[in-house]
Amino acid sequence: MTDRRQTRNVQIGDLTLGSEHPIRVQSMTTTDTADREATLTQIRTLEAAGSELIRITVPNRESAANMAAYKAAMTVPLIADVHFDYRMALLSIEAGVDKVRINPGNIGSEERVREVLRAAKAAGCAIRVGVNSGSVEKDLLEKYGWPSPEALVDSAMRHLGTCEEEGFDQVVVSIKSTDVITCLTANRMLAEKSDVPLHVGITEAGRPGYGSIKSAVGIGGLLLDGIGDTIRVSLTAPPEDEIPVAFDILKATGVRVTSPELIACPTCGRIDIDLEKLMNEIEHRLHGEKLPVKIAVLGCVVNGPGEASEADIGIAGGGGMGILYRKGVAVAKVKEEKMVDALMEEIEKIKAERAEAAAEVGA
Ligand code: SF4
């Protein structure tokens with residue numbers, strides 16, 4: 001895995017994006033922004049799901065009029081999403097949002113983009129410049145013949161040039177495409193040319209099944225290259241469903257682990273336990289657990305020590321008994337019905353050990 005790409009700090013409310021900070025997970029509300037009650041309810045749902053930034057679309061004045069109320073109610077930074085009408089960006093900045101996402105390609109003219117940048121600078125508001133296949137300027141389309149990765153990158157660099165001319169550096173860029181290869185290529189190219197933090201995602205990924213896989217390949221591929229400072233998984237599903245998928249991508253790539261990782265054997269003819277039932281119980285008991293720990297759950301004791309050796313804790317069932325491993329070494333034998341209790345006790349022990357180690361470092 002490549003080291004994280006060095007990016008500048010961009011302040012978004014209380015949260016800082018950039019390579020010195022964790023890669024953040026965000027999502028977007030899907031309610032009518034003019035409907036204050038429905039939007040506030042969805043904001044609370046997204047916050048509870050773990051969304052660390054929340055974006056809300058601002059298509060009209062009724063919506064813009066609600067942004068101050070949303071900001072006041074939120075515990076995470078608020079991002080206004082603006083298309084076509086630069087005045088909605090100005091109203092959002094005035095309402096105190098922490099960041100505005102604009103697509104300079106559809107905002108009207110360069111002068112309007114500059115006006116938004118100046119207002120953002122004066123208010124201490126960050127900007128995300130969004131570039132996608134549909135927003136590439138005509139001259140770049142003529143030059144490249146299609147919204148190629150080169151065209152997307154040239155378009156992003158052009159907008160970054162405008163930010164620079166305005167003395168505005170609190171900018172994040174996203175280059176998105178529904179095509180994974182185009183998205184990966186363009187982001188890798190842009191990462192070479194600028195130190196601006198990147199928001200990465202595969203746009204319109206689709207339904208949760210295939211959409212999660214497509215997002216994992218696209219976002220995960222970039223994260224493994226060290227690229228990406230904030231991510232959004234775009235699914236055709238309630239937005240809160242995007243959050244666990246995003247955190248799982250961070251976990252699977254190892255770039256940010258905020259909960260236990262469960263490793264489980266696929267089972268085979270040697271299976272000697274109801275592994276699905278066991279996994280369901282473990283998942284249930286671990287719900288909400290934040291300890292970054294690898295747990296291997298194995299269907300038999302034959303290959304247990306070997307297959308559990310990469311994990312912090314392993315349990316293998318068979319013959320009505322369960323064997324508990326620490327780093328592949330058997331440490332206890334318990335009755336099958338006590339396996340999960342034994343696992344949970346081991347997790348508590350690891351927590352205590354890590355707390356002690358941290359205290360020693362701090363002493
Ligand atoms: Fe098969 Fe046992 Fe390996 Fe699971 S742990 S795949 S049951 S040999």
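**Entry 1: the shell around the ligand**

I began with the ligand in this predicted model and sorted its shell by class: five residues are nonpolar, three polar and two charged. For the classes I counted Ala, Val, Leu, Ile, Met, Phe, Trp, Tyr, Cys and Pro as nonpolar, Asp, Glu, Lys and Arg as charged, and the others, Gly among them, as polar. The residues around the ligand are Cys265, Thr267, Cys268, Arg270, Ile271, Leu298, Gly299, Cys300, Asn303 and Glu307; a residue is near a molecule if one of its heavy atoms lies within 4 Å of it.

A note on bookkeeping: residues are numbered from 1 along each chain as its sequence is written, and side-chain values use heavy atoms, with hydrogens and water left out. As the model is predicted, local features need pLDDT of at least 70 and side-chain atom pairs count only at pLDDT 80 or more, while totals for chains, interfaces and linings use all residues.

**Entry 2: two residues on one loop**

I stayed with Thr267, one of the residues around the ligand. Threonine 267 sits in the loop between strand 11 and helix 11; helices (H or I, at least four residues) and strands (E, at least two) are DSSP runs, numbered from the N terminus. Its phi is positive, near 70 degrees, in a residue other than glycine. Most residues other than glycine have a negative phi. Threonine 267 is partly exposed because its relative accessible area is 37%; buried means under 20%, exposed over 50%, and partly exposed in between (1.4 Å probe, protein chains only).

Aspartate 274 has 46% relative accessibility, so it counts as partly exposed. A polar atom of its side chain lies 3.2 Å from the backbone nitrogen of lysine 277. For a polar contact I take a pair of N or O atoms within 3.5 Å; within protein, one must be able to donate a hydrogen and the other to accept it, and residues adjacent in sequence count only if both atoms are side-chain atoms. I also looked up glycine 318, which is 44 residues from aspartate 274 along the chain, with 9.6 Å between their C-alpha atoms.

**Entry 3: the largest pocket**

The largest pocket has a volume of about 750 Å³. Of its 22 lining residues, Lys251, Ser259, Gly288, Glu289 and Lys290 are the closest to its centre. Helix 1 (36–49), helix 10 (242–253), strand 11 (261–264) and helix 11 (275–286) are the elements that give two or more residues to this lining, and helix 10 gives the most, with five. By class, I find nine nonpolar, five polar and eight charged residues here.

How I define it: on a 1 Å grid over the protein atoms alone, a pocket is an open set of points where a 1.4 Å probe fits, with protein on both sides within 12 Å along at least five of seven lines, and lining residues have an atom within 4 Å of a point. Grid points are joined across faces, edges and corners, and a volume is the space filled by probe spheres set on the points.

Which domains supply the lining of the largest pocket? Domain 1 (10–253) and domain 2 (261–362) each give at least three residues; the bounds come from an automatic or database domain assignment. The C-alpha centres of the two domains lie 39 Å apart.

**Entry 4: the second largest pocket**

The second largest pocket holds about 400 Å³ of space. Its lining has 24 residues, with Lys176, Thr203, Glu204, Arg232 and Ser234 nearest its centre. The classes come to five nonpolar, 13 polar and six charged residues.

**Entry 5: other spots, and the whole chain**

Phenylalanine 84 has a positive phi of about 70 degrees although it is not a glycine. I found it in the loop between strand 5 (78–82) and helix 4 (86–94). Phenylalanine 84 is exposed because its relative accessible area is 62%.

To finish, I noted the overall figures. The protein chain has 13 helices and 15 strands, and its C-alpha atoms fill a box of roughly 75 × 45 × 45 Å along the principal axes. Of its 363 residues, 51% are buried.
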